[in-house]
Amino acid sequence: MFALDIGWGTTLAIKTIVILMIIPAGALILGYVFLLKVMSHMQSRLGPMDPGGFHGWYQLIGDGIKFLQKEDVMPTKADKRVFAAAPAVVVLSTFLVFAVIPMGPDLVVKDLDIGVFYALAVSSLSVIGVLMAGWASANKFALLGALRAAAQLIAYELPLLLAVVGVVIQAGSMSLQDIVLQQQNGEIFGWDFIGNPFILTQFIGFGLFLVASQAELTQTPFDMPVAESELVAGYMVEYTGFRFLFFFIGEFGTAFGFSALAATLFLGGWSIPGVDGDWANILGPGVLFAKLMIVAFLMFWVRFTYPRLREDQLQALAWKFLIPIGLINILLTGVFKVAF
Amino acid sequence: MTAPTHASARSEGPGWVPQPGVSEPSVGMNVELDTGDMVLNLGPQHPATHGTLRLVIRLDGERVLTADPVIGYMHRGYEKLTEFRTYPQVTTLINRIDWLSSFANEVPFMDAAERLMGIEAPPRAQWIRTTLTELSRIATFLLFLGEMGLQVGALTPAFYGFRDREHVLNLIEAATGGRFHPNFNRIGGLKDDLPWGWIAETRATMKIVLDACDQFEDLVLGNEIFGARTRGIGIIPSDVGTAYGVSGSNLRASGVDWDLRRDARPYLAYPDLDFKVWTHPDGDSYSRYWVRLQETREAARMVLQCLEGMPAGPIMAKVPRIIKVPEGEVWVETENPLGQMAYYVVSKGATGPFRVKIRSASFSNVSILPWLLQGVFVPDVITILASLYFILGDIDR
Amino acid sequence: MHDELLALLKSAGFNGDAILETADAHGGLVVRVANAQWRRAAEVAKEHLACDYLSFISGIDWQPAPREGDEAGGDTSSPVQPTEMTFGAAGSAGRFQVFAHVQSTSKKWGLTFKSDVDDADPRVESWVPVYSGADWHERECWEMYGFTFDGHPGLRHLYLPFEFEGHPLRKDYPLLARVVKPWPGLVDVEPMPGEPDTDAPSEAATEAET
């Protein structure tokens, strides 16, 4: 239907622009919907209503302008170049994740054979940015926050990976596009009306993935690196204005990315039953967006409700609880894969 | 070899400081890295100190070696100022000691002046005082119940705490005209009687308060992570607590069955009320939260009892126009939301006090911190600070 | 209750020279002990009277505050206190006294100890070995009154800045705010609305003119 013949250069340009648009847009959407509205309503308040637009969504634009106007403060003793580079590193890792997430049968920047592996690998790059920020800030709170972040992200890489391994075994592929197709074309005991979203078989993996990604995103109950009541704002305590906005975009952009990843791996990504071909290309992004918002709602619901764990409790949870469960899940998946 | 020094990690100068009996480390393979202690200034501007308390903490990693509270950033010298005020004027000052429960601060001072003068407020005034004292206790504790959640990382309870406290503050405002600093007590009684409809309104609000307590029990106390963060953290043994002068709910959470409303010289209408003194044997942060939750409920029940038993009659005793307090001295203590609030008033027969020793609860409650914070982790410092529940004005006076 | 407390004190061997005077201050027992017996008073109270709870330690300066015209620069706007030095319950030998309140959480009683300290070299034994909480109270008393507590682990400033000089709660230390600008205090000097102002044109009047 849309057989467009355009050169590879144009394609690349379009893809780059789309990716560059998706992250800030996604971050803003999550920031508005969850941080300003859902959280407010959960806390028996309304959030910003007056700035204009539906439920005051212009507030986001106002916030953006405010961040741009702010003075760019850099501590005297800061390591200037590292300090400036850190937010970029954090945001960069977020951008890279989106390169492999499919939004339709053909709507994918690059369908890597090892897409899952790649996504998880680049998403953990952000810890380098966090460490850089904490170290370069020449602030003790920032340093503590950065070291906490490093320890935490290392500990939670493993459960995250183990949670995904079950999906990979079941799909028999590490390409995200293949995984989506497997879910779309799969069947449950010969009944293939809704395909086979892996959440039905990999519900343990889904739970693990949510918990671990919550830790990767440094969201409550695992928000020790930024712990407001302890470390004030952790590694970003010295950042102002535009640089802080970068961290903000990084934080919510990563949340957007992980939600999309979870939706792709466990909820069938862009696929909906009965839609194929070009229509899937048209509806795909919307479907993926709806699914990832569901996942994001779960994540943020927990974030707004739970208290924060302590650093040692967090480690104990990862090593004593999540990793064994992840291993058992893989074992079970393997057994069932062989048996059926 | 010494560890690489860094501006943020090593504020205490160079990495190696010559010490007697310790030889300078030589460069070699089997020398442990010198991980020096880090001095962390928690405060004076820090979200966990809700005010201007400063804690100088020496850290080894995340473990606290020593903690030294530095107070006085808000010291206003009330003990000196009271010597330059007349008795009615002092009320304005003491309103601002523990600013969350200002009304409760006024009561013991009025009691002291009345005892020195040998007058007694009429029963209705006493009962209204009791009601408002318990209302300020509820307001203070509701804030704590939410605030504690915030300090251990949960954002939402704090908003619920503020939301429900608002109802109680509205009541206090309706009766006294002031939300925070009522300045409602007069020597020998009260400024005004209760407004029309206030009692029915208060009854309805107590229902809200009791519901809010249930909600906090579910949302905060029932949360596993909250339990993990607070159970066994900051244990105050009862003998240590009393030696440091820790009082109020903090001491009752350590199993000491001591409530001045019941055990001090009878004051206000408390002898006529039926209430239970809650204690908890553990003495940790969790039990402090638990005790305050129960006391909020108990206070709501006491308010309801007060409304039931409120006698009719005048609200002011016969008091001379210019108040001169006869020579003498008196010690008056009351159970305030934060603990034992007491005044030792020395009068020399003048219109103003000669010396007022203000014994505020938070001062002693916080003085236990150097002992309590040894060996805990940084997040536990926040838990302990939050669970002790101090008001900076109450420390610094 | 007072008799019982005093009997307990006596049975603990705390009498004779140790107790100088006792008084009943509006229902509270005040026991004035000799300066040398100050710490023992705490020990006896803790062991024999079950007074495990330290409420506070502080000081009193019985000297009247200087009035306006005095060299120290007091003012008349504050409540007028007697000009001669009088002492409160249980008396005092000199200008300075240290006093403390201890209580029993089990027996629900309490009493106030007082002790005279020397005018020139105010000095008394520390209670820190008996009540750990005495630390901060004695630091406060040290900076506010200049009393030295022997045996205290570190008398540092508590409230005041480290370079602060003087002892603010002593009566001869002026309230600096009053020295700079006298405060109306007792007298309401502001004219009532509508009344003619005798001293200066009121703001309303000046505004009306312009």
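**Three chains, two contacts**

Tutor: Chain A exposes about 15000 Å², and carbon and sulfur atoms supply 73% of that area. The areas come from the Shrake-Rupley method with a 1.4 Å probe. The model is predicted: local features need pLDDT of at least 70 and side-chain atom pairs count only at pLDDT 80 or more, while totals for chains, interfaces and linings use all residues, and side-chain values use heavy atoms, with hydrogens and water left out. Residues are numbered from 1 along each chain as its sequence is written, and chains are lettered from A and ligands numbered from 1 in the order in which they are written.

Student: What makes up the secondary structure of chain A?

Tutor: Chain A has 12 helices and zero strands. Helices are DSSP runs of H or I with at least four residues, strands runs of E with at least two, numbered from the N terminus. Of the 340 residues of chain A, 54% count as buried. In chain A, 77% of the contacts with a separation of 6 or more come from residues 24 or more positions apart; a contact means heavy atoms within 4.5 Å.

Student: Why does D223(A) count as buried?

Tutor: Buried means under 20% relative accessible area (exposed is over 50%, partly exposed in between; 1.4 Å probe, protein chains only). D223(A) has 9% relative accessibility, so it counts as buried. D223(A) sits in the loop between α8 (203-216) and α9 (228-231) of chain A.

Student: What joins the side chains of D223(A) and R308(A)?

Tutor: A polar contact of 2.7 Å. The term asks for N or O atoms within 3.5 Å; within protein, one must be able to donate a hydrogen and the other to accept it, and residues adjacent in sequence count only if both atoms are side-chain atoms. Not counting residues up to four places away in sequence, D223(A) touches T218(A) and R308(A).

Student: Why is S126(C) called buried?

Tutor: S126(C) is at 0% relative accessibility, which means that it falls under the cut-off for buried. S126(C) lies in the loop between β6 (123-125) and α3 (134-145) of chain C. Its side chain reaches the backbone nitrogen of V128(C) at 3.0 Å. Beyond its neighbours within four places in sequence, S126(C) is in contact with residues including R39(C), E138(C) and H152(C).

Student: What makes R310(A) and D380(B) a salt bridge?

Tutor: The rule asks for a side-chain nitrogen of Lys or Arg within 4 Å of a carboxyl oxygen of Asp or Glu. R310(A) and D380(B) meet at 3.1 Å, N to O, so the pair qualifies. Across the interface of chain B and chain A the rule finds one salt bridge, and nine residue pairs are in polar contact there, both at pLDDT 80 or more. The contact takes 38 residues of chain B and 29 residues of chain A.

Student: How much area is buried between chain B and chain A, and how much between chain B and chain C?

Tutor: Buried area is the accessible area (1.4 Å probe) that two parts lose on being put together, summed over both. For chain B and chain A the value is about 2900 Å², with 63% from carbon and sulfur atoms. For chain B and chain C the value is about 4600 Å², with 57% from these atoms. The latter contact takes 53 residues from chain B and 59 residues from chain C.

Student: How many salt bridges are counted between chain B and chain C?

Tutor: The count is six. E329(B) forms a salt bridge with K114(C), with the closest N and O atoms 2.7 Å apart.
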